[in-house]
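Hi everyone, thanks for making time this morning.

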Amino acid sequence: MSIVRLAAAHPCKMGGPVLSAVDRRIFTTRYYRDCMGCNFCRDACCQHGVDVDMGNVARLRAAPQRFKDLVGVPEDSWFTGDVVQDGEFPTGAHVRTQVRDGACVFRNPSGRGCLIHGFSLSEGLDYHLLKPMVSVLFPLTFEHGVLVASTEALDGTLVCGGQGPSCYDGARDELRYYFGDALTDELDRLADG
Ligand code: SF4
């Protein structure tokens with residue numbers, strides 16, 4: 001069995017999820033990691049859009065007009081209309097970013113990468129406040145309190161999967177941001193064990 005319980009429950013500082021177990025395959029499943037240094041993926045991981053917490057939606061809607069101009073798509077086309085109740089998300093509910101021309105509406109259509117991430121960096125903002133947590137943690141994700149590698153990473157369909165650092169090593173700093181040192185300290189021990 002690859003899933004092990006953690007010694008403690010680790011709540012995300014955004015308000016959810018709470019991690020209480022981990023799938024050990026996060027330590028052995030590998031990927032390219034250097035997203036912006038990659039010249040072959042064409043941002044394939046953004047082609048389906050992403051689940052985004054309703055609090056995150058509100059922060060994006062409140063972003064300055066220069067961000068909205070950068071996106072270049074009317075605000076009412078940013079998200080799907082179906083609100084999904086999900087206790088693992090910080091506010092307990094999420095929508096999904098819309099897909100437009102084969103990619104998430106926030107993907108840079110004239111270059112590489114995520115417009116939310118790029119805008120945050122250019123404005124000196126903490127990108128964790130505007131970018132969906134599911135995107136930041138990718139190729140890790142969470143399912144019913146279990147920290148897991150994404151389906152694409154596990155089934156071999158992730159275009160940059162197979163070689164490089166582990167999914168855990170790639171996302172460790174982001175886990176630390178959301179869940180704190182106690183989680184990464186425990187995961188470090190599991191990775192070494
Ligand atoms: S929010 Fe950004 S990183 Fe996430 S799927 Fe959309 S473009 Fe990609």
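Here we have an open sheet of 4 strands, in the order 1-2-10-9 and with mixed pairing. This is a predicted model, so local features need pLDDT of at least 70 and side-chain atom pairs count only at pLDDT 80 or more, while totals for chains, interfaces and linings use all residues. Residues are numbered from 1 along each chain as its sequence is written.

A quick word on terms: strands (E, at least two residues) and helices (H or I, at least four) are DSSP runs numbered from the N terminus, and two strands pair if DSSP finds at least two bridges between them.

Strand 1 (3-11) and strand 9 stand at the edges with a single partner strand each, so one side of each has no neighbour in the sheet. From one strand to the next, the twist averages 35 degrees; angles run from 0 to 180 degrees between N-to-C directions, with axes fitted to C-alpha atoms, for helices over the stretch in contact. Strands 1 and 2 run antiparallel and are joined by 5 bridges, with Arg5 opposite Ala21 in strand 2. Helix 7 packs on this sheet, touching strand 1 and strand 2, and its direction makes about 165 degrees with that of strand 1. Contact here puts C-beta atoms, placed from the backbone, within 7 Å.

On to the other sheet: 3 strands, open, antiparallel, in the order 4-6-5. Its edge strands are strand 4 (51-53) and strand 5 (84-85). Strand 4 is joined to strand 6 (residues 93-96) by 3 bridges, and Val52 stands opposite Val95. Helix 1 (residues 54-61) packs on that sheet at about 80 degrees to the direction of strand 4.

Now, which residues of the largest nonpolar core touch the most other members? Out of 41 residues, they are Ile26, Phe106, Leu140, Leu147 and Cys167. Such a core is a set of buried Ala, Val, Leu, Ile, Met, Phe, Trp, Tyr and Cys residues joined through C-beta atoms within 7 Å, where buried means 20 or more other C-beta atoms within 10 Å of a residue's own. Helix 6 gives the most to this core, with 6 residues.

Finally, the ligand: its surroundings include Cys46, Thr97, Phe106, Arg107 and Lys131, counting a residue as near if its C-beta atom, placed from the backbone, lies within 6 Å. The shell divides into 7 nonpolar, 3 polar and 2 charged residues.

Terms used: Ala, Val, Leu, Ile, Met, Phe, Trp, Tyr, Cys and Pro count as nonpolar, Asp, Glu, Lys and Arg as charged, and the others, Gly among them, as polar. Two residues are in contact if their C-beta atoms, placed from the backbone, lie within 7 Å. A residue is buried if 20 or more other C-beta atoms lie within 10 Å of its own, exposed if 12 or fewer, and partly exposed in between; C-beta atoms are placed from the backbone.
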